[in-house]
Amino acid sequence: MPDQFGEIFKGRSIRKKIPFPFQFLDHSTSLPILNGYLTPKTLGLDRIAAAIGAWEMAGRKPVLAIDLGSCITVEFVDDLAIYRGGAISPGLRMRAKAMNAFTARLPMVDLDRKPESLTGNSTISCMQAGVWYGVEFELRGQIEAYRLKIPEIKVYICGGDSHSFESLAKDHIFVVPNLVLHGLNCILNHNVE
């Protein structure tokens with residue numbers, strides 16, 4: 001069904017019905033950066049949009065775009081303006097749901113706020129600390145690994161859980177909630193210029 005849906009919008013009939021010009025974003029849309037991803041048709045359009053939005057905000061310099069949603073995605077654009085890929089891992093709630101679903105006795109835990117301590121003193125607080133600090137340390141590790149190779153790299157964080165990790169926002173790390181939308185606008189501008 002998704003392929004049919006895409007074809008409907010790409011077809012001439014829908015273009016006649018919509019009273020204004022529009023750009024349909026798909027894997028053949030021209031981008032302001034080169035896509036070096038090995039399987040470009042499998043790359044989520046939100047991922048490439050986040051990468052482009054961050055790259056533009058960074059002054060078209062090396063950048064990481066980290067989207068904290070259901071999954072955590074890390075996108076890397078190098079100094080040659082080539083999207084190289086990144087990483088995908090489970091987000092906060094997915095980690096908690098996995099522990100609950102794939103074990104016999106671990107409950108579903110509330111993740112509304114970061115635990116004050118690294119050390120839990122009950123099953124629930126241990127799970128909460130494991131999820132929260134596991135994500136935080138993963139993010140810090142990713143960022144540090146890239147900074148060792150590219151000291152001037154800038155990092156942009158977005159997504160539904162980005163507000164929970166604002167403490168990471170400091171030297172060359174910025175929280176931009178609408179980063180994907182900014183990237184979509186950059187793609188649009190690239191195609192209408």
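Predicted model: local features only at pLDDT ≥ 70, side-chain atom pairs only at ≥ 80, totals over all residues.

How many residues sit between β3 and β4 in their hairpin, and which residue in the turn has a positive phi? I find four residues between the two strands, and A81 in the turn has a positive phi of about 60°.

Residues are numbered from 1 along each chain as its sequence is written, and side-chain values use heavy atoms, with hydrogens and water left out. Helices (H or I, at least four residues) and strands (E, at least two) are DSSP runs numbered from the N terminus.

**The sheet.** I traced six strands in an open, mixed sheet, ordered β1-β4-β3-β2-β5-β6; two strands pair if DSSP finds at least two bridges between them. β1 (34-35) and β6 (173-175) are at the edges with a single partner strand each, so one side of each has no neighbour in the sheet.

Then I went through some pairings. β3 and β4 are antiparallel over seven bridges, and T73 stands opposite I88 in β4. β1 and β4 run parallel, joined by two bridges; N35 has Y83 in β4 as its bridge partner. β2 (residues 63-68) and β5 (residues 154-158) also run parallel, with five bridges, and here A65 faces Y156 in β5.

**Helices on the sheet.** I looked next at α3 (residues 45-57), which lies across β2, β3 (71-77), β4 (82-90) and β5, at about 135° to β2. Axes are lines fitted to C-alpha atoms, for helices over the stretch in contact, and angles run from 0 to 180 degrees between N-to-C directions. α4 (residues 92-101) packs on the sheet too, touching β3 and β4.

**α4 against α5.** The axes of α4 and α5 (residues 123-149) come within 10 Å and cross at roughly 140°. That makes the pair oblique (under 35 degrees is roughly parallel, over 145 roughly antiparallel, 65 to 115 roughly perpendicular, the rest oblique). From α4, L92, R95, A96 and M99 meet residues of α5, including M127, W132 and E138; contact means heavy atoms within 4.5 Å.

Is D67 buried or exposed? D67, in strand β2, is buried at a relative accessible area of 16% (buried is under 20%, exposed over 50%, partly exposed in between, with a 1.4 Å probe and protein chains only). Beyond its neighbours within four places in sequence, D67 is in contact with I72, T73, C158, G159 and V180.
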